[in-house]
Amino acid sequence: MLENIRIVLVNTSHPGNIGAAARAMKNMGLSKLVLVDPVDHPTYEAYSRAAGADDVLGAAVVVKTLAEAVAGCSWVMGTSARERTVQWPMMQPRECAEETMKQAAQAEAAIVFGRERTGLTNEELEQCHALVNIPTNPDYSSLNVAAAVQVLSYELRLAALASLAIAEPVSGEVAAKHQDDLPATADQVDGMYQHLYQMLEDVKFFGTSNPEIVMRRLKGLFNRAQVTIREVSILRGIFSAAQGRKSARK
Ligand code: SAH
């Protein structure tokens, strides 16, 4: 299941951190690294910090945006050095790892790490189902990004080992879920958000309220619910009906 989990580093400034993150991942049995718009990559420094994990580093996928990095994922966790007060559910590392392993049993999942200086933007956090905070000294709470990757990768390994210890269900005992009842992927949900926004504009819902804030709250709601493929399709049908169209399909 660890192979279904990608580690995403957003806009990392220091190549050494990219290499150290690759090493931390390989130590814990993770191999999928995705780099969103890295400042400097590939570099000698990253390879030297990766040590024997040059295979993980060499296979790292480089993309322009977080949306591309999490495309195909049904579960996306963000990391935060701060306890935020907005609508994102916060988890402890252990809970985060257990939940992510559970999700990774049936689909692709991602854990997203932010910029060294400024972390993740609100727009990026909106693409996450929940946030994880590593409890640290409140007077000095921010970990080096590769150290944060190490802590969470270790928790994922513990959760993977624990799930191996649980007996496999007898084949056929667990009914396979219908494809449409699986959680929708990030790109499917993103398409639904764009449709929702367009529909709300068409029905002149925004009025004097700030569309960005309304959308942020609605995204928070849908992220908490972790909508399924079937639910996305029903919602889009409703949006189309509100727009006076027969079908959302192009
Ligand atoms: N001033 C920034 C700090 C960014 S630290 C902020 O407040 O967000 C760089 C990255 O390391 C973070 O985006 C996060 O991915 C990770 N990180 C650092 N400390 C962390 C902690 N205590 N818990 C979870 N992630 C942490």
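Which residues of the largest nonpolar core touch the most other members? The close-up views below begin with that core. The model is predicted, with local features requiring pLDDT of at least 70 and side-chain atom pairs counting only at pLDDT 80 or more, while totals for chains, interfaces and linings use all residues. Residues are numbered from 1 along each chain as its sequence is written, and side-chain values use heavy atoms, with hydrogens and water left out.

**View 1. The largest nonpolar core and the surroundings of Ile-7.** Ile-7, Leu-9, Leu-33 and Phe-113 touch the most other members of this core, which has 40 residues; a nonpolar core is a set of buried Ala, Val, Leu, Ile, Met, Phe, Trp, Tyr and Cys residues joined through side-chain atoms within 4.5 Å, and buried means under 20% relative accessible area, against over 50% for exposed and in between for partly exposed (1.4 Å probe, protein chains only). Helix α7 (residues 145–165) supplies the largest share of the core, 8 residues; helices (H or I, at least four residues) and strands (E, at least two) are DSSP runs, numbered from the N terminus. When residues up to four places away in sequence are not counted, Ile-7 touches Met-25, Leu-30, Lys-32, Leu-33, Val-34, Ile-111, Phe-113 and Val-149, contact being defined as heavy atoms within 4.5 Å. Another core, of 18 residues, lies apart from the largest one and includes Val-36, Cys-73, Trp-88 and Val-112.

**View 2. The open sheet of 7 strands and the pairing of β4.** The strand order is β3-β2-β1-β6-β4-β7-β5, with parallel pairing, where two strands pair if DSSP finds at least two bridges between them. At the edges are β3 (61–63) and β5 (90–91), each of which pairs on one side only. Strand β4 (residues 73–79) runs parallel to β7 (residues 130–132) and is joined to it by 3 bridges, with Gly-78 having Leu-131 as its bridge partner in β7. Strand β4 is also joined to β6 by 5 bridges, again in a parallel arrangement, and here the partner of Trp-75 is Ala-109. Strand β4 is mostly covered, with 7 of its 7 residues buried.

**View 3. Helix α1 packed on the sheet.** Helix α1 (residues 15–27) touches β1 (5–10) and β2 (32–36), and its direction makes about 160 degrees with that of β2; axes are lines fitted to C-alpha atoms, for helices over the stretch in contact, and angles run from 0 to 180 degrees between N-to-C directions. Because 10 of the 13 residues of α1 are buried, this helix is largely enclosed by the rest of the structure. Among the buried residues are Pro-15, Asn-17, Ile-18 and Met-25, and what covers the buried residues of α1 includes β1, β2, α2 (44–50), α3 (54–58) and α7. Just after α1, Gly-29 takes a positive phi of about 90 degrees.

**View 4. Helix α7 across the strands.** Helix α7 lies across β1, β4, β6 (108–113) and β7, and runs at about 150 degrees to β6. At 1.5 Å a residue its 21 residues should span 30 Å, and its end C-alpha atoms, 31 Å apart, agree with this; the expected span of a helix is 1.5 Å times one less than its number of residues. The buried residues of α7, including Val-149, Leu-152, Glu-155 and Leu-156, pack against β1, α1, β4, α5 (93–104), β6 and β7.

**View 5. Helix α10 and its buried face.** Val-232, Leu-235, Phe-239 and Ser-240 are buried in α10. Seen down the axis of α10, these buried residues fall within an arc of 140 degrees, so they line one face of the helix, the arc being that of the directions from the helix axis to the C-beta atoms. The cover over the buried residues of α10 includes α8 (186–202) and α9 (211–225). Just after α10, Gly-244 takes a positive phi of about 80 degrees.

View 6. Leaving aside neighbours within four places in sequence, Glu-83 is in contact with Met-90 and Asn-133. Gln-179 and Ile-229 are 50 residues apart in sequence, and their C-alpha atoms are 7.9 Å apart in space.
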